[in-house]
Amino acid sequence: MSIVLKRFSEDISSSVQGPSLQLKSALTNETGALQFRILETPTKEDVTLGAVIDLYEDGNHIFGGTITEKQAVINGGILV
């Protein structure tokens, strides 16, 4: 199973903490949601509000949306 996360068509999969990826979808008119954490690296990705995100599994598009919320996480006293 291959998971690819793209921001404006750019693959950012290697910058995402794998286990943090959570997809919520619904069979009704309810809006779906995708949550993920960006890894703390020297070239940390900057995911900004309004960025278009697409999620693919084995080449199949399974989610697309716009970032509407961004939350800073404090891990062990360090802002990540």
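A salt bridge here is a side-chain nitrogen of Lys or Arg within 4 Å of a carboxyl oxygen of Asp or Glu. Hi everyone, I'm starting there since it gives us our way in. This is a predicted model, so please keep that in mind as we go.

By that rule, the count comes to two salt bridges. In one of them, the side chains of Arg7 and Glu10 meet, at 3.0 Å from N to O. As a general point, side chains of opposite charge can pair when their charged atoms come close. Is Arg7 buried or exposed? Arg7 counts as buried, because its relative accessibility is 12% and the limit for that label is under 20%. Glu10, with a relative accessible area of 38%, is partly exposed. The other salt bridge joins the side chains of Lys24 and Glu30, also with an N to O distance of 3.0 Å. There, Lys24 is partly exposed at 45%, and Glu30 is partly exposed at 44%.

Arg7 stands opposite Glu10, which is in β2. So what sits between the two strands? β1 and β2 form a hairpin, with two residues between them. Phe8 is in the loop between β1 and β2, and Ser9 is found in that loop too. Phe8 is not a glycine, yet it has a positive phi of about 50°. Ser9 is likewise a residue other than glycine with a positive phi, near 70°. As for the surface, Phe8 is exposed, with a relative accessible area of 52%, and Ser9 counts as exposed at 64%.

Now let me step back to the whole chain. How many helices and strands does it have? The secondary structure comes to zero helices and eight strands. Buried residues make up 20% of the 80 residues. If you take the chain's contacts with a separation of 6 or more, 42% of them are between residues 24 or more positions apart.

Four strands form an open sheet, in the order β2-β1-β5-β6, and the pairing is antiparallel. Which strands are at the edges? They are β2, residues 10–11, and β6, residues 60–66, each of which pairs on one side only. Strands of a sheet pair through backbone hydrogen bonds, either parallel or antiparallel.

Inside that sheet, let's follow β1, which covers residues 3–7. Two bridges join β1 to β2, and Lys6 has Asp11 of β2 as its bridge partner. Five bridges join β1 to β5, residues 52–57, and these two strands also run antiparallel. Among the pairs there, Ile3 has Glu57 of β5 as its bridge partner. Lys6 has one more thing to show us: it lies over the face of Tyr56, at 5.3 Å from the ring centre. On the subject of rings, a search of the whole structure finds zero aromatic pairs.

Next, the nonpolar side of the story. In soluble globular proteins, nonpolar side chains tend to be buried together. In this model, the largest nonpolar core has 10 residues: Leu5, Ile12, Val16, Leu34, Val47, Ala51, Ile53, Leu55, Phe63 and Ile67. Have a look at Leu5 in particular. Which residues does Leu5 touch, leaving out those up to four places away in sequence? The list includes Ile12, Val16, Leu34, Ile53 and Leu55, five residues that are also members of that core. Leu5 touches Glu10, Asp11, Ser13, Phe36 and Asp54 as well.

Two other leucines deserve a mention. Leu21 is in the loop between β2 and β3. Leaving aside neighbours within four places, Leu21 is in contact with Ile3, Leu34, Gln35, Phe36 and Leu55. Between Leu21 and Leu5 there are 9.6 Å from C-alpha to C-alpha, with the pair 16 residues apart in sequence.

Leu39 lies in the loop between β4 and β5. With a relative accessible area of 30%, Leu39 is partly exposed. The C-alpha atoms of Leu39 and Val16 are separated by 5.6 Å, although these residues are 23 apart along the chain.

Notes. Residues numbered from 1 in each chain as written. Heavy atoms only, no water. Pairing = 2+ DSSP bridges. Core = buried A, V, L, I, M, F, W, Y, C linked by side-chain atoms within 4.5 Å. Buried < 20%, exposed > 50% of the residue type's maximum accessible area, 1.4 Å probe, protein only. Contact = heavy atoms within 4.5 Å. Phe/Tyr/Trp six-rings, centres within 6.5 Å; stacked < 30°, edge-to-face > 60°. Lys NZ or Arg CZ within 6 Å of the ring centre and 35° of its normal.
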